[in-house]
Amino acid sequence: MIDTAFDYTGEISWCPGCGDYKILESLKMALSELRLDPRKVVVASGIGQAAKMPHYLKCNCVNGLHGRALPLATGIKASNRHLTVIAVGGDGDMYGEGGNHFMHAIRRNPDITNIVCNNMIYGLTKGQGSPTTPVGMKTPTQPFGVTSKPLNPLLLALSCGATFVARASAADTERTKDVIVKAIRHKGYALVDIFQPCVSFNRTNTWQWLSKSTEWLDEERDASDKLEAMRLSMETEPYPLGIIYMSEPEKTFEENQAPYQANDNTPLYARAPALENIRKLLS
Amino acid sequence: MPIYSEAAGPFCLIFDIPQGGKDMDMIHAPEPDVTITFCAAAGLGLQTAEDLARQMLTKAGYCVFTAREYMSRVRGGNNSTQIRVSLKPVRAYVGRIDWLFALSPDLRSNITEKITEKTKILGDASAMRDEISSLGREMIDLDLAKRAADLGSTKFSSMIVAGFIAGIFMLGEDTADELIEKRFADAVLSDKNKRAFRIGYQLGMEHVKGQPVLMLPDKGTGDEIFLDGNSAAALGAASAGCNYITAYPMSPGTGVFSYFAKNAKLFDCAAEQVEDEISAINMAVGAAYAGARAMVTTSGGGFALMCEGLSLAGITETPVVVHLAQRPGPATGLATRTEQADLELALYAGHGEFPRALYAPLNVESAFALAGRAFHTAHKYQVQSIILTDQYLLDSGYPVAKPDPSSVPAPIPPVRTKNGYKRYAFPAEGEYISPFGVPGFGEGFVSFDSHEHTEEAHITEDRWIRKSMVEKRLKKLEAMSREALPPRLHGPEKYDTAVICWGSVFEPLKEAMEILDCKYAALIACEQVYPLSEKFRRLISLPCRKIFVEGNATGQFSRVVRSLTGIGADETILKYNGFQFTVEELVEELGKLLAARELGRGGC
C-alpha cells in the first residue's frame with residue numbers, strides 16, 4: 001500500500017480480510033492520483049460496514065442515515081460546487097433502504113461519484129439477505145433461502161439515464177483505482193459498483209468466486225454504446241468488470257439550479273440574500 | 001423598527017357580552033363590511049374574477065380580505081372564495097354571506113347553511129334556479145352563459161362577474177382596463193374582456209340603482225401590497241437568504257415551494273422537487289452542512305416521513321428550517337382543509353432528544369417575520385426551526401404594509417476553519433455552540449456524523465463524551481428560551497380571563513373579542529410555541545381563568561403548556577371539522593363562556 005494524503009491512522013473496525021480494506025485502498029489511491037486537496041473532498045455515506053469508510057479517510061467525513069447518502073451528497077455538491085463529493089455505501093444501504101434515492105439521483109445527475117461496495121449481503125446487521133443476494137442463499141432471516149430476485153444495479157442505472165456505469169472488484173485494487181479515477185473525472189453522476197466478499201457472512205461470493213466468476217473488459221473498448229452496455233450488464237459468470245458505459249457528459253443537477261446558471265460558482269454559504277430583487281418583487 | 005410588539009391595544013366598545021344563541025346579526029360590528037362569496041367547480045377559471053375583484057377593490061382604497069376553501073379534486077366539485085370588503089382593515093374569515101355568486105350547481109352545505117334572507121344569490125338561473133328554489137330562496141339571474149356566448153366564449157362569464165362587482169361598488173366601468181390589458185396581451189382578447197366587464201358593470205350598477213353597496217373610501221394608503229400566507233412565508237424565508245429549498249408536492253405545503261421555484265433566479269436559490277420527503281430533508285441537511293441556508297416545506301404526512309432526517313439534523317447540529325403546513329389528519333385526512341393538530345408532532349418529531357424552535361405565524365405579516373426569525377434561530381443555535389402554518393393562513397390574504405426584507409436578521413456567515421478544527425468542540429463557559437465551519441473554507445476538516453460523536457465528528461461509544469454531547473445540545477434551550485418571542489397581548493390591562501391561542505386562530509379571535517367588548521378578558525396569542533418565552537410563563541402563572549382556543553380536537557397547546565409549566569386550560573374552544581373558526585362562531589362560543597362567568601362575577 002502506498003502512502004497518500006488521505007491516510008487515516010486510527011483504528012478500523014472492519015473484520016480482518018474484509019473486501020472494504022481493498023476498496024478503501026483503491027479510493028485513497030484514486031484521490032491521491034487526482035491530486036485532490038483533502039480539504040476539498042467530502043466522502044458521504046449512510047449506514048453499514050462500507051458506510052464507515054468516510055471515517056477511515058483523512059478528508060471531510062460525512063456519515064448520515066441509512067440509505068440517505070445520495071440525497072445528502074446531492075445537497076452538499078449543490079451547496080458548494082468546488083467540492084469533490086463521493087457517496088459510498090453498501091448494497092443494502094444504496095439499493096435497499098436507499099433504492100428510491102438511487103433511481104432519482106441518477107435521473108437528477110448531480111456531479112458526484114457513487115461507490116457501492118457490493119458484497120451481496122448485510123454485514124453490519126449480521127448476515128441477512130440484501131437486494132443483490134442470489135436466490136436460494138440461506139441466511140438467518142431467510143433460513144429456507146432467499147426467494148426475491150437480485151436487483152441488477154447496472155441495468156437499473158442505465159435505464160435511469162446514468163452517463164457513467166462501471167463495475168469493479170475488490171480483488172484488483174489497481175484496476176478498481178483506475179475506474180474510480182475515471183468516475184471522479186466524469187462530469188455528472190457516476191456509478192461504480194464494486195464486488196467484494198464478505199468474509200464473515202457470505203459463503204457463496206468469496207475471494208475465490210470473485211476471481212473465478214468475473215472478467216475485466218478491454219480497457220480500450222468504446223463504452224459509449226448503450227445497448228451493448230445493457231447487454232453486458234446482464235451477463236453473468238463471468239460478470240464483466242470495468243467501465244460498462246460512458247457517454248458524453250450531460251448537464252448536471254447543479255448546473256440546472258438557478259444560482260449557478262450564470263456561470264457563477266460561488267458557494268451558497270458565501271452568497272448574500274437577494275434583498276434588492278425581493279424589494280423589486282414587492283414593488 | 002421592532003417587528004414584535006408587546007403593546008396591549010385598547011378595545012373599542014360596541015356591545016355588551018351577548019347571551020349565547022342570539023341572532024348573529026345583532027352582534028355584528030356596525031362598521032360597513034360586505035362579504036362576497038364565489039362558488040364554482042374547480043377548473044372554471046374563476047380565479048380571474050376573484051383576482052380582478054380583489055385588485056380593483058384594493059385599488060379603490062377598500063380594505064380587502066380573502067380566504068379560500070377547496071375540495072381535493074382538480075376538476076368539478078364546488079370550491080369557494082370569500083372576499084370581505086370593508087372601510088377598516090379586516091383580516092378574518094366570517095360566516096356571513098352578503099353576495100353569493102353561485103356559478104356551479106351542487107353548492108355544499110358549508111355554503112348553503114350560511115345563506116340567509118339577506119344573502120343575494122347571483123348566477124345563471126338556467127343552471128341554478130331549481131337548486132336555489134329548493135333552498136327556499138330566489139336568485140338574481142345574470143344570464144352569464146348566454147351573455148358570454150354572445151361575446152364568443154363562455155370563458156367571458158368570469159369577466160362579467162368581475163364587472164358586476166365593480167358595478168355594485170360603482171368603481172367606474174374603466175376601472176379594470178389596465179388590469180385586463182396586463183392579463184391579456186392579445187389586443188382582441190383584451191377588448192372582448194373589457195366588453196364583458198362593461199356588460200357586467202352595467203348590470204351591477206342597475207342592480208344597486210346607483211347606490212354603491214359601500215361608500216367609497218378615502219384614497220388608498222398607497223404603500224401596501226396584497227400578500228397571502230404562502231407568499232409572505234416565502235418572502236420572509238428569501239429575505240433571510242434561504243438559498244436551498246426542497247419539497248415533495250403535498251397540499252397545503254406546496255405553495256411556498258412553488259413561490260420559490262417561480263422566483264428561484266430572483267432569490268438566487270436552488271429549488272428542487274424531489275422523489276420523497278425523506279430525500280427532501282436529507283438533501284436540505286447536506287446542503288446546510290456545506291453552508292447553504294436550507295428549508296423544506298411539507299404537510300403532516302410528509303413531515304412524518306421527515307422525522308428521521310430531523311433527528312439527523314438534531315444530532316449533527318445542522319441548521320434547517322421546516323415549513324409544516326398543517327391540514328387535518330390522521331393519514332390523508334382532509335387533504336385541502338385546515339387544522340392545528342400537528343403541534344405535538346412537531347414538538348416531539350424525531351427519535352432521541354434534541355432542541356428545536358417552533359413558530360406559529362398569527363397572520364400574513366407574522367408569516368413573513370417568523371420565516372426570517374426561524375432562519376435566524378436555526379443558524380444562531382445550529383438547531384431546527386419548524387414553522388407551523390395551516391391551509392387557512394396560507395390561502396388567505398389582505399393588503400399589508402410592504403414588508404421590509406432588511407428587517408429580517410442577516411445570515412450568520414460560517415467561520416474560516418483552522419488546522420485542527422473540531423466541528424463539535426465543546427463550547428467555552430457561557431457559550432452554547434461550536435463555531436460553524438463548512439467544508440472547503442479554511443484549513444480544517446469539517447465532518448458530520450449521525451452517530452454519537454467526538455468533537456471531531458467521529459463515531460464514539462465513550463460514555464463521558466455521550467453524556468457531554470447530549471448536554472451540549474440540550475443546553476441551547478436555555479438561550480433559546482431567553483430569546484423566545486413573547487406572546488401578543490390584546491385587551492384590558494387588568495383581566496381575570498386569559499383567552500389563549502396560537503397561530504392562525506388569532507385574527508378571527510381578535511375580531512370576535514373586539515365585537516364582544518371583553519372588559520375582563522384579554523387575548524394572549526403565541527407566535528412562538530416552543531420553547532415558551534419567559535413572558536408567557538409569567539402570564540400563564542397568574543391566577544386567572546384560562547380559555548384555550550385551538551383548531552384541533554384535544555387542545556394540544558394547552559397540553560404542551562401544562563407539561564412545560566404545570567398550568568393549562570380551564571376551558572377550551574376547539575374546532576376540527578376542516579374549517580377555520582368564523583368570527584361569528586367565536587363570538588357565540590366565547591360569548592357563552594364569558595357570559596356564564598359574568599353571572600357569577602358579582603363585581604371585580
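Modeller: Let's begin with burial: 54% of the 604 residues of chain B count as buried. Keep in mind that this is a predicted model.

Colleague: OK. What radius of gyration does chain B have, and what would a compact globule have?
Modeller: Chain B comes out at 26 Å. A compact globule with 604 residues would be near 25 Å, so the two agree.

Colleague: And what box do the C-alpha atoms of chain B fill?
Modeller: Roughly 80 × 70 × 40 Å, along the principal axes.

Colleague: How many helices and strands are in there for chain B?
Modeller: Chain B has 20 helices and 23 strands.

Colleague: What about contacts in chain B, what share joins residues at least 24 apart?
Modeller: 75%, counting contacts in chain B between residues at least 6 apart in sequence.

Colleague: Let's zoom in on H11(B). Buried or exposed?
Modeller: Mostly covered: 13 of the 13 residues of H11(B) are buried.

Colleague: What span should H11(B) have, and what does the model give?
Modeller: The helix covers residues 277–289 of chain B, and at 1.5 Å a residue its 13 residues should span 18 Å. The end C-alpha atoms of H11(B) are 18 Å apart, which agrees.

Colleague: Which residue just after H11(B) takes a positive phi?
Modeller: Gly291(B), with phi at about 110°.

Colleague: Switching to chain A. At what angle do H2(A) and H4(A) pack?
Modeller: Helix H2 (residues 69–79) and helix H4 (residues 99–108) of chain A pack at about 30°, and their axes are 9 Å apart. Angles under 35 degrees count as roughly parallel, so H2(A) and H4(A) are roughly parallel to each other.

Colleague: Which residues make that contact?
Modeller: From H2(A), Leu70(A), Pro71(A) and Thr74(A). H4(A) brings His101(A), Phe102(A), Ala105(A) and Arg108(A). By class, the contact of H2(A) with H4(A) has 4 nonpolar, 2 polar and 1 charged residues.

Colleague: Now the interface. How many residues of chain A are in contact with chain B?
Modeller: 42 residues of chain A, in contact with 53 residues of chain B.

Colleague: Which elements of chain A give two or more residues to that side?
Modeller: Strand S2 (60–63), H2, H4 and helix H10 (275–282) of chain A. H2(A) gives the largest share of the side touching chain B, with 8 residues.

How values were computed
Residues numbered from 1 in each chain as written. Chains lettered and ligands numbered in written order. Predicted model: local features only at pLDDT ≥ 70, side-chain atom pairs only at ≥ 80, totals over all residues. Helix = DSSP H or I, 4+ residues; strand = E, 2+ residues; numbered from the N terminus. Expected span 1.5 Å × (residues − 1). Buried ≥ 20, exposed ≤ 12 C-beta atoms within 10 Å, placed from the backbone. Rg over C-alpha atoms; globule rule 2.2 N^0.38 Å. Contact = placed C-beta atoms within 7 Å. Axes fitted to C-alpha atoms, helices over the stretch in contact; angles between N-to-C directions. Parallel < 35°, antiparallel > 145°, perpendicular 65-115°, else oblique. Nonpolar A, V, L, I, M, F, W, Y, C, P; charged D, E, K, R; others polar.
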